[in-house]
Amino acid sequence: MKTGSRWPPVPAGVAIGIAMIMAFVIAGRGIGASGSMTRFAAWVQHSLFPVATEQGTYFSRYFAEGAHPLFDYSIVLAIGLMMGSFAAALFSGGLSVEVLQGPRSRTPSRLVYSLIGGILVGFAARLARGCTSGQALVGGAELSLGAWSFMMSIFVGGWMAAWFVRKQWI
Amino acid sequence: MDMIFPLVKTGAISDSTNLWLALPTGLLFGFALFKARFTDSRRIGWAFYFKDVGVPVVMFSAIVTAMLGLWGLSLVGVLDISKVYLLPTYLWPMVVAGLIFGVGMVVGGYCPGTALASMVTGKIDALVFVLGFFIGSLFFGDLFPVWGDFYNSDYRGVARLDQALEIDLGVAILGVVLIAVGGSLGMRWVQKKVWPEDGRASDEEIRTRLATLKLQGALIAVALLIGTVLAVFSTESFIDDRVEPPYYIVPKVAAQP
């Protein structure tokens, strides 16, 4: 894989930090990714089971007072995020349909692991009220006690599980 | 100087303009995620084996940049920090969530934002991860009564590190800069010990590395400078800790019945 067109870690982080500052000074809030994804999932579920979704203890707030779950700051941000990544890949030759995996990993197991990982992260992001961006990065910048604890826990949890899935990556 | 930021909260722009401006914010975010190679699940997976510590270094750099921007703009008096939504702390739920999240990240190779960014570049494993995320968050929401009490437990309000450690806000900010720089260098050192590079680098590689080193060194120097300025100035001038931030989800002290 070509890496010449990528940025070194510090300037890449500074660019993400500038996007976070934009959200702070324009919207008075942080950036985030998981909220938009949960809203999208709730919207899909609502189209199948409208009454149950609207009356659910957790998802009801997305529909309170006739609100549309997709009419939200986080959704516009996520659309921008996908457009930005797509544009960057387009200019650097990063567009390709493939499964990214370690040298010893097989495609079926990689996809099963990917699904399980997604389910765990989807659950945990809701329990934490945000993900790596909306909770860890934004809260980290705000010096939030909860966000820093969340971030440390992510690395502890990852290191604890790393040995068991090592064949997937190394 | 008048405090004009955050624009939508001071009335400088309308709600719908604010919504539209989320688009360029997201564009920069997504563009940078790709340029940071965060769209590659292997890079995120390798972080947990110290094979490529780029992920934590990018995260540290993003936090330091946003932190200096947020508090620095408050110090110079253009950003009204009392109008910024500050994240509340629910300590134990967040610790437990972090553990599950970390396991999910090393198993799946993504987090939500990176999965979205990678999915649109055609990566099938990212698409599957996103589908998993939908299942996981629907599971959380639909069975919310099972863990709702835990979700709302151990509430600490908007709790900051400097308050927990009983130090000045500015000193805590400088401390985070120092920890980020020291932590990044330390992790890079571990990476080189555990995964030594084979063979000698070519002259061109050495030139590229030197240029990178200069750029990153300059950025770190700027961060240390701003951090030092914030540590010296009294932070009471821009944040009043005697009043609770107005953007609380739940008041810290429940009303007496």
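Guide: Leaving aside neighbours within four places in sequence, Thr89(B) is in contact (heavy atoms within 4.5 Å) with Ser144(A), Leu145(A) and Gly146(A), and also with Met94(B), Asp154(B), Tyr155(B), Arg156(B), Gly157(B) and Ala159(B). The model is predicted: local features need pLDDT of at least 70, side-chain atom pairs count only at pLDDT 80 or more, and totals for chains, interfaces and linings use all residues. Residues are numbered from 1 along each chain as its sequence is written, chains are lettered from A and ligands numbered from 1 in the order in which they are written, and side-chain values use heavy atoms, with hydrogens and water left out.

Thr89(B) sits in strand E1 (residues 89–90) of chain B. Its relative accessible area is 0%, so Thr89(B) is buried (buried is under 20% relative accessible area, exposed over 50%, partly exposed in between, with a 1.4 Å probe and protein chains only).

In chain B as a whole, 51% of the 257 residues count as buried. Chain B has 10 helices and two strands, where helices (H or I, at least four residues) and strands (E, at least two) are DSSP runs numbered from the N terminus. Their order from the N terminus is α-α-α-β-α-α-α-α-β-α-α-α. Of the contacts in chain B between residues at least 6 apart in sequence, 71% join residues at least 24 apart. The C-alpha trace of chain B spans about 70 × 50 × 40 Å along its principal axes.

Chain B is split into domain 1 (1–35) and domain 2 (39–255), with bounds from an automatic or database domain assignment. The C-alpha centres of these two domains of chain B are 20 Å apart, and 10 residues of domain 1 are in contact with 13 residues of domain 2.

Chains A and B also meet through helices. Helix H1 (residues 9–27) of chain A packs against helix H10 (residues 203–232) of chain B at an angle of about 45°, with the axes 8 Å apart. Axes are lines fitted to C-alpha atoms, for helices over the stretch in contact, and angles run from 0 to 180 degrees between N-to-C directions. H1(A) and H10(B) are therefore oblique to each other (under 35 degrees is roughly parallel, over 145 roughly antiparallel, 65 to 115 roughly perpendicular, and the rest oblique). Pro9(A), Val10(A), Pro11(A) and Val14(A) of H1(A) and Leu215(B), Gln216(B) and Leu219(B) of H10(B) make the contact.
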